[in-house]
Amino acid sequence: MSTTKRPSLPRVQDTDFVEQAGVLTVAGIVNQARCIWREVLHRDVGIDGHIEYVTPDGEATGRTVAVQVKSGASRFANTTTDALRFTPEAKHRQYWESYPLPVILVLHNPETMETLWTDAREALRVHDENTTLEISRHNTFDPEGVLAALATSGPLPSAGFDVDSILRAMAQPDVEAQGLTFLDMFAQGMTDIARSIWISVEVTDQILDIKSATWDPPGYGFGAHEFAFLDRYVDFLVAHDLARLDYATWRETTLSRQMVAKLMAPLTTKGCAVRDAIIALDSQLTVPEEPTQFPAIQERVVQMLFNPSWVDEAAIRQTRIDRISATLRAVPGSTA
């Protein structure tokens, strides 16, 4: 008696269920945080989904981070009481490091239900010589952890926008930072036909130099309080969506080089509204004896200083650049 062999059917591996358990756990926690989870169908490229922040009033903000989920008890094999160490594949390290959004790595243990997270993109950019990520076991991915993960791209925005309230907050002096205000930085940093703001230590330094001329005695310092003021100013701009600035670069410069980044940030629609409100208030308060060609809001030129000494350094540098270009063009197969 002959028998017909039944063809084999597609098989689902245990690892498929384990990985999906992690994704479903993340989706549930994001839902508890009252934020939006969007799963990416092609998860094998290194991103499983995105989280969008929703304000307590229910406003979807567009503030988004990317998420990669790694699930399984084996992911927690290299764990101490304080931290978990995870070594991503080389292809993922490069992909996450170059991703345009913060990449939140979530590790889930389905046996113990421990779920941890870290900002993988920032860790890889700041510690680019390390291939292993160290994740604190205090970084629990719960509803509070969701909000903390979202804040990796800057302070979370609040619902509503009131120009007058923003201006009053910007005008408050920071006593510890020698009376500096966010309004000082915003108006004095205006550039690009008053469509962008320039953020740097030099702007802050010039403001203090002007303000201190009337002090007794004149003179000022620049230290920890002033650097902290700059951080708060950048946080304020991001939290109120006043400028489209590269928050990751700001943080990375501080963390990896202990320096202050120089950023040119285009104003958002809200930032332009604040700018226009300052212009209107300035026109109301202008007194007759003041020169009208120097209003509170005016474009300032930002440029590179090519020749700060008697040596024509730009010409010397260009000679070297030309030599490099000629060498590259001489390479066989060059398209130049």
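Pockets and rings

A: β3 (60–71), α3 (120–126), α5 (163–170), α8 (224–239) and α9 (247–257) each give at least two residues to the lining of the largest pocket. Helices (H or I, at least four residues) and strands (E, at least two) are DSSP runs, numbered from the N terminus. This is a predicted model: local features need pLDDT of at least 70, side-chain atom pairs count only at pLDDT 80 or more, and totals for chains, interfaces and linings use all residues. Residues are numbered from 1 along each chain as its sequence is written, and side-chain values use heavy atoms, leaving out hydrogens and water.

Q: Which element gives the largest share of that lining?
A: β3, with five residues.

Q: And which residues lie nearest the centre of the largest pocket?
A: R63, S153, P157, V238 and D241, out of 32 lining residues. A pocket here is an open set of points on a 1 Å grid over the protein atoms alone where a 1.4 Å probe fits, with protein on both sides within 12 Å along at least five of seven lines; lining residues have an atom within 4 Å of a point.

Q: OK, rings now. How many aromatic pairs are there?
A: Five, counting Phe, Tyr and Trp (its six-membered ring) with centres within 6.5 Å; planes under 30 degrees apart are stacked, over 60 edge-to-face, the rest tilted. One of them is F182 with F229, tilted, at 5.4 Å centre to centre and 35° between the planes.

Q: Where do those two sit?
A: F182 is in helix α6 and F229 in helix α8, so the pair ties together parts 47 residues apart in sequence.

Q: Which residues make up the aromatic cluster?
A: F182, F229, Y233 and F236 form one cluster.
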